[in-house]
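Welcome, and please get your viewer ready. We will go from stop to stop, selecting a few residues each time and looking at what is there.

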Amino acid sequence: MILEVLISVPLLVFLTCKLWSHFNQSYFILSLCKRIRTEDGSPLEDKIYVTPTKTRFGNNFDLLSFTSASIFNFMRDACDQAKGRNYLWYFFHAPMYNVVRAEEAEEIFQSPKLITKNMVYDLLKPFLREGLLTSTDQKWHSRRKALTPAFHFNILQSFLSIFKEECNKLTKVLNQSVDKELDLNQVIPQFTLNNVCETALGVKLDDMTEGLRYRQSIHAIEEVMQQRLCNPFFYNIVYFYLFGDYRKQVDNLKIAHDFSSQIIEKRRTLFRSKQLGQADDFGKKQRYAMLDTLLAAEAEGQIDHEGICDEVNTFMFEGYDTTSTCLIFTLLMLALHEDVQKRCFEEVENLPEDSDEISVFQYNELIYLECVIKESLRMFPSVPTIGRKCMEECVVNGLVMPENTQINVHIFDIMRDPRHFPNPNTFQPDRFLPENTVNRHPFAFVPFSAGQRNCIGQKFAILEIKVLLAAMIRNFRILPITLLSDITFENGIVLRTQQNVKVKLLRRKQE
Ligand code: HEM
């Protein structure tokens, strides 16, 4: 008996120590998530900044105030603390690899394995379900292939007249705001939503009685997503159901889904009776809409009604807020930099007087205006962070990532890296003149992401943005009201500001 005790107690102690040591090396104790290690066995800290934890629970309780502004600042502080290195967090279920350098972002963008989005995108799924942005693997591959022709140059050309019509409508509204305070957040999102709705679905929102309700429902859905994004407790569906705006989400999703579904039905009837290309009820020629590409894919059995709805909703979501955010910041920068605005004016003055005559080629030749848009996107990327996750254990940048590791590529921080953009907080459009970009790292400027999951709508967006900017710069002088120091940034799937951005317009012809 004594002998048994003498043998078994030390054995038990030995085994417990062994297990503890193994567990502590492989897992983050009390956070229950498996650790990341280096592939070559070198110390982890040599390859990445491991953010110190404030409690024994990993980084779970490092941030205690869940406002969208505090989360935005938390991420920027984390980047400063890491002094330009990529950094690591440990959260409840998984490690989080944060990339802020173009050099390491490259491997993620280029990896054919890392195409699955991380848990943040689950918040989009009630609205977008399995659309192009949120889907993965085979479904994503086949959809991307089917949808690419909808963004072909010829199609883009046919959208130009829609952009111009919406632009003329907005210019009329702006004419009434001359010499007064103009709230850009009140007018620009309506312009981009109208554009994407007409190009994707083939309907004019302003002409429809349900148009206003649909627009409001999209705003409401975004507000709920924002609420969930900024409070990790709301990622849990039960908690969200009990304490979040669950009802608001359900009601507005119904409005948005029903609206797109009805339009799809109507367009399908037209498509089936081969009326495309013929006159519609009002004697007008039916315009192409991206939806037609999806209906053609449906006719070949590649997609069903639900799939079409998901893709249409994805275009709405990805196509309107991103573009309006870019427009708002570019207009703000133009207002704040009179010299830059003057150079843009000199460039757009050379365009034909009658805007109907301006071609896509002529918009493409507005090189300096494009530099201004790029510099605005560099400083204020509409999508500040994108995410991926490891579906199985994998090696990324020499680090062995356990299954389910969450990856954040901080586009915002990559594009403010002083190694690639000296004086990164200064607005300098000349950085993007062809002669100044020759030696820049190819993944240093990535507002549209990069690699196979890059933005399918980037040319669409740039054209739409140029059409409105050229018209505004030609007609008005844009003066500042809001200053950069007035702005508080907020974390979101799309970059937000707590305050609306305001400018003042003066009519040029009267000067
Ligand atoms: C300035 C405007 C825009 C910016 C900055 C932007 C940015 C981005 C970024 C960063 C991504 C990658 C997202 C991720 O990996 O999570 C993306 C994807 C996407 N964007 Fe855009 N976008 C813009 C405009 C548009 C427009 C106008 C459309 C459509 C009409 C569009 C449709 C999409 C779609 C469908 C995807 C998913 C692509 C895929 O995964 O295959 N975007 N966009």
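Start by selecting helix H4, residues 102–110, and colour its buried residues: Ala102, Glu104, Ala105, Ile108 and Phe109. Buried here means that 20 or more other C-beta atoms, placed from the backbone, lie within 10 Å of the residue's own; exposed means 12 or fewer, and partly exposed is in between. Helices (H or I, at least four residues) and strands (E, at least two) are DSSP runs numbered from the N terminus. Now look down the axis of H4: the buried residues fall within an arc of 160 degrees, so they line one face of the helix. That arc is taken over the directions from the helix axis to the C-beta atoms.

Before moving on, note that this is a predicted model: local features need pLDDT of at least 70 and side-chain atom pairs count only at pLDDT 80 or more, while totals for chains, interfaces and linings use all residues. Residues are numbered from 1 along each chain as its sequence is written.

Next, select helix H12 (residues 290–299) and helix H13 (residues 305–336), whose axes come within 10 Å and cross at roughly 160 degrees. The axes are lines fitted to C-alpha atoms over the stretch in contact, with angles from 0 to 180 degrees between N-to-C directions. This crossing makes H12 roughly antiparallel to H13, a term for angles over 145 degrees. Show Met290, Leu291, Leu294 and Glu298 of H12 together with Ile308, Glu311, Val312 and Phe315 of H13 to see the contact. By class, it has 6 nonpolar, no polar and 2 charged residues; Ala, Val, Leu, Ile, Met, Phe, Trp, Tyr, Cys and Pro count as nonpolar, Asp, Glu, Lys and Arg as charged, and the others, Gly among them, as polar.

Now for two backbone stops. Most residues other than glycine have a negative phi. Select Arg129, in the loop between helix H5 (125–128) and helix H6 (137–147): its phi is positive, near 45 degrees. Then go to Asn397, in the loop between S9 and strand S10 (399–401), where phi is also positive, near 50 degrees. Asn397 is partly exposed, with 19 other C-beta atoms within 10 Å.

Finish at Phe57, in the loop between strand S4 (49–50) and helix H3 (68–81).

How values were computed:
Parallel < 35°, antiparallel > 145°, perpendicular 65-115°, else oblique. Contact = placed C-beta atoms within 7 Å.
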